[in-house]
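Please keep the sequence and the structure at hand while reading.

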Amino acid sequence: MKGKSLVSGLLLGLLILSLISFQPSFAYSPHGGVKNIIILVGDGMGLGHVEITKLVYGHLNMENFPVTGFELTDSLSGEVTDSAAAGTAISTGAKTYNGMISVTNITGKIVNLTTLLEVAQELGKSTGLVTTTRITHATPAVFASHVPDRDMEGEIAKQLIMHKVNVLLGGGREKFDEKNLELAKKQGYKVVFTKEELEKVEGDYVLGLFAESHIPYVLDRKPDDVGLLEMAKKAISILEKNPSGFFLMVEGGRIDHAAHGNDVASVVAETKEFDDVVRYVLEYAKKRGDTLVIVLADHETGGLAIGLTYGNAIDEDAIRKIKASTLRMAKEVKAGSSVKEVLKRYAGFVPTEEEVKYIENALHSTNKYALSNAVADVINRRIGVGFTSYEHTGVPVPLLAYGPGAENFRGFLHHVDTARLVAKLMLFGRRNIPVTISSVSSVKGDITGDYRVDEKDAYVTLMMFLGEKVDNEIEKRVDIDNNGMVDLNDVMLILQEA
Ligand SMILES: [Zn+2]
């Protein structure tokens, strides 16, 4: 009997050991929080966008995540969000109205919302924002600026600089006037405009503006255009020098634009580029063990459906043959090229007379997108994909996680839940701090009632932000900045006090 239990004990021990050895070991920074955070945002990237890209490329790196879930995306404006409200939720853990950049409206008063990037800065981390859109566009803007209207891009440019985000890479040169560029230099930024300059640049503060507006679509790029992967690599190489870690957001910003245009080949090319960044970042995180990677979309765009009519196969070969965005094809037709020539050259097929007529009809429309939409229509019917909208939709979007604390990001979460969890992991790691609330104290910031303001008070406040139920009396005390809500700012104010 004894021998048998010894053997089974040994076997159990071995089993436990082997289980442990399969668990990657994750490290934390000294205060217990996760060291590096990388958030990858596929703007407008629904499951349809992922699936159609997978059909063309066979396997995506996004499939390699151990933890997956869904993001609910609704904003205070309703079921269908825009990138400003979705981004605000992702960066601050609080809901807002469409169009607003990390502010919200509480009974008629516009209040600033503290962002994850700002929390990271408080923790001494380096920070970075990278995108293929203008760097002043909604998704990067929500992490380091606060304005009531996403169109205030000149003001956003100024705030991004004043926030001293270490790395700002993307398009949007047109939003940085001489004054803003001067300001950037005064703040210590190296400012670069070309691929060559990006490769060479060194320093702790880099502002890279690689297009007047958005960086061209992957399909329309020329050899000296800058891509998302090289920007992401550069950003990481600059940020990782900080021993306190870093916070980085990388956005595949034009998946959304391609989907607005119902341009399936561009959706695939932009999503593939995003997935290449996913591969790089995932490998980076796997090598290190101290980096939490979150991949998500802010909302779905286009209502992309795979399979136009029942039983029809998708022609993914036809997608591979397309060499330009529908926007560029439309531009050439508008400039006088024949529809037949343009489609033959860029879309890989000779259109029928009927298809030519359908596209030519759109030439006379007052809608500036009518022509590119008509080109897209003709292509999509041949390929067998359908878009139900030119706008955003309200369906849940993918959520993927890897690294320390990744196990939290499963099931259906709203953007705000995901942001709050990231904040918790950045500040406290996976620790669960046992807290008892002993009495009601009059000390501001003392939530636990022990007449001291310490880490525990910040922890309780964050757990309340995460949705833990408490009585009203405590909730009132937790709103340290008196703005009418419990948010990250309250947590940070207590931590600064502690
Ligand atoms: Zn959009």
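## Domains

Domain bounds, as used here, come from an automatic or database domain assignment. On that basis the chain of this predicted model is divided into domain 1 (36-303 + 391-428), domain 2 (315-383) and domain 3 (434-498).

Domain 1 and domain 3 touch each other, with 18 residues of domain 1 in contact with 17 residues of domain 3, while the C-alpha centres of these two domains lie 30 Å apart.

In soluble globular proteins, nonpolar side chains tend to be buried together. In this model the largest nonpolar core has 69 residues, and those with the most contacts inside it are Leu-116, Leu-129, Leu-207, Phe-247, Ile-294 and Phe-409. Helix H17 (residues 415-428) supplies the largest share of this core, namely eight residues, and the core draws at least three residues from each of domain 1 and domain 3. Another core, of 42 residues, lies apart from it and has Ile-238, Phe-246, Val-278 and Val-295 among its members.

Leaving aside neighbours within four places in sequence, Leu-116 is in contact with Ile-39, Ile-90, Ser-91, Phe-247, Ala-419, Val-422, Ala-423, Met-426 and Leu-488.

When residues up to four places away in sequence are not counted, Thr-127 touches Leu-117, Ala-120, Gln-121, Lys-164, Val-165, Asn-166, Val-167, Leu-239 and Phe-247.

## Helix H2 and its surroundings

Within helix H2 (residues 47-57), the residues Gly-48, His-49, Val-50, Ile-52, Thr-53 and Val-56 are buried. The buried residues of H2 pack against helices H10 (254-260), H11 (264-288) and H12 (316-320), and also against strands S11 (300-301), S12 (304-306) and S13 (385-387). Just after H2 comes Gly-58, which takes a positive phi of about 85 degrees.

## A nonpolar surface patch

Leu-47, Phe-70, Leu-72 and Phe-412 together make a nonpolar surface patch of about 370 Å². One of these residues, Phe-70, is found in strand S2 (residues 67-72); Phe-70 counts as partly exposed because its relative accessibility is 33%, a value to be read against the limits of under 20% for buried and over 50% for exposed.

Key: Residues are numbered from 1 along each chain as its sequence is written. This is a predicted model: local features need pLDDT of at least 70, side-chain atom pairs count only at pLDDT 80 or more; totals for chains, interfaces and linings use all residues. Side-chain values use heavy atoms; hydrogens and water are left out. A nonpolar core is a set of buried Ala, Val, Leu, Ile, Met, Phe, Trp, Tyr and Cys residues joined through side-chain atoms within 4.5 Å. Buried means under 20% relative accessible area, exposed over 50%, partly exposed in between (1.4 Å probe, protein chains only). Helices (H or I, at least four residues) and strands (E, at least two) are DSSP runs, numbered from the N terminus. Contact means heavy atoms within 4.5 Å. Patches are made of residues with over 30% relative accessible area and no salt bridge: like charges are joined within 9 Å, nonpolar side chains (Val, Leu, Ile, Met, Phe, Trp, Tyr) within 5 Å. Accessible areas come from the Shrake-Rupley method with a 1.4 Å probe; for residues, only the protein chains shown count as cover. A salt bridge is a side-chain nitrogen of Lys or Arg within 4 Å of a carboxyl oxygen of Asp or Glu.
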